[in-house]
Amino acid sequence: MRAGHQASAGELLELVRSGRATTRGALQQATGLSRATVGQRLDRLFRAGWLREGAGGPVDSPQGGRPSITLEFDDEHAVVLAADLDTRHGRAAVVSLSGEIQAEHHGSLRIEDGPDAVLGELGRWFAELLEKAGQRADAVCGIGIAVPGPVDTDTGKVVQPPIMPGWDGYDIRGRLGRAFAEHAGIESESGAGSATRAGITRSGARIPVLVDNDANLMAYGEQRTGYPDCSAFALVKVSTGIGAGMVVGGSIYRGVDGGAGDIGHIRVGADALCRCGSYGCLAAVASGGAVARRLAESGVPATSGSDVRDLLTAGHPEAMALAREAGRQVGDVLATVVTLLNPGVLMIAGDLAGIPFLTGVRELLYQRALPRSTAHLDVVTSRLGERAGLVGAGALVVEYLYAPERVEERLAALGV
């Protein structure tokens, strides 16, 4: 703690959650606060239901005595709702504060049907999943949603999304909050402005709806669960489109307005027309949608990345050859990405993330990138699979809600 600074209750909670200080004595040492002040701060966290006492820990004093009681973040006091939308289907889940999925549903949700219909259906899924998980609606502390387009995280709105017609600038936060409130049988905050900012209400406290790009949240979920010590982590999602998410220094790297990682629209010199309206984009020649189009032209029934995935699973030879070729085209672009970012892990995810595509990526990546850039690079496939976006969305909400400055706001709203 910096000189003269008095650690807040939120900062004490952060020390406990991170494992850096898990006893009263350790908190005193870490913060320089008196025993009485630490006790007052902790009392607020106990009254909010966010802390609990665990088993006895090591003895604080070198003179011996009774073991100190450890403190733990109570990850059972609330739940998060998470959703991950793709172009043709969606997944939704009830997620614990520690990241465990308590109930899950996936089904058809077509982005092209528009935000009103899609988010309305998602609100219904959420209400049904809470019942399935045995949770009450007032246990929800936040909602996180991953979408396949660039997002301005300050407003929660997608900005000129190439594959999300009708979604540009739409109030996702407000609509999803209202849809959940309607299906869960709870009252939403009156007034369009407040609904836009916060979604629904619980005991007078606003519940946030956080929106981010799907590749960003997949990267966040994978990095936090599988590679927490990797300081520069990159994930490339290759499904109907192509996008990348990056976690640098433990935080999602979004650029100045949410546009970082949109590698699907890097020009690669081809003459294929992309869905964004330009010619020669990487996504126009190497995405799952592009592979599906080439298969369809040769008489193989395929219209999307998920169709290509099914053909790859079945070992279809033409699909495998085209996936490897697509991997080589993506690998060529990733050589530049790796040289610029110098990540420790490059993860390939999405519908095409199998051996043929990964083989193609490695062929061109290691051929084109400087040896210095790949000397300590692991090129891997997803560990969490189709749950990565859900886990990342849940983690994003938890980190937002329990950040030290927000803890103080929420404690004040609760009156503790």
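**View 1. Val345 sits opposite Asp378 in strand S16.** This close-up, like the others here, comes from a predicted model. The two strands on show are S15 (residues 345-349) and S16, which run parallel and pair over four bridges. Take a step back and you'll see an open sheet of five strands, ordered S14-S13-S12-S15-S16, with mixed pairing. Strand S14 (251-252) and strand S16 (378-381) are the edge strands; each has a single partner strand, so one side of each has no neighbour in the sheet.

**View 2. Strands S6 and S11 pair side by side in the parallel sense.** S6 takes in residues 140-147, and five bridges link this strand to S11. One to look for is at Ala146, whose bridge partner in S11 is Asp212. As for S11 itself (residues 209-213), the strand is mostly covered, with five of its five residues buried.

**View 3. Arg410 is buried without a salt bridge.** You'll find this arginine in helix H15, which spans residues 404-414. Where is the nearest side chain of opposite charge? That's Glu409, 8.0 Å away, and a salt bridge would need a side-chain nitrogen of the arginine within 4 Å of a carboxyl oxygen. What does Arg410 touch, leaving aside residues up to four places away in sequence? The contacts are Trp50, Cys141, Leu401 and Tyr402.

**View 4. Helices H1 and H2 cross at roughly 120°.** H1 is residues 9-18 and H2 is residues 24-31, and their axes come within 11 Å. The crossing of H1 past H2 is right-handed. On the H1 side, Leu12, Leu15 and Val16 make the contact; H2 brings Leu27, Ala30 and Thr31.

**View 5. Helix H10 has a set of buried residues, with other helices among their cover.** Within H10 (residues 305-313), the buried ones are Gly305, Ser306, Val308, Leu311 and Leu312. Their cover includes helix H9 (288-297) and helix H11 (317-341). Following H10 comes Gly315, which has a positive phi near 75°.

How values were computed: Residues are numbered from 1 along each chain as its sequence is written. This is a predicted model: local features need pLDDT of at least 70, side-chain atom pairs count only at pLDDT 80 or more; totals for chains, interfaces and linings use all residues. Side-chain values use heavy atoms; hydrogens and water are left out. Buried means under 20% relative accessible area, exposed over 50%, partly exposed in between (1.4 Å probe, protein chains only). Lys and Arg count as positive and Asp and Glu as negative; His and the chain ends are not counted. Contact means heavy atoms within 4.5 Å. Two strands pair if DSSP finds at least two bridges between them. Axes are lines fitted to C-alpha atoms, for helices over the stretch in contact, and angles run from 0 to 180 degrees between N-to-C directions. A crossing is left-handed if the near helix is turned anticlockwise from the far one by less than a right angle, and right-handed if clockwise.
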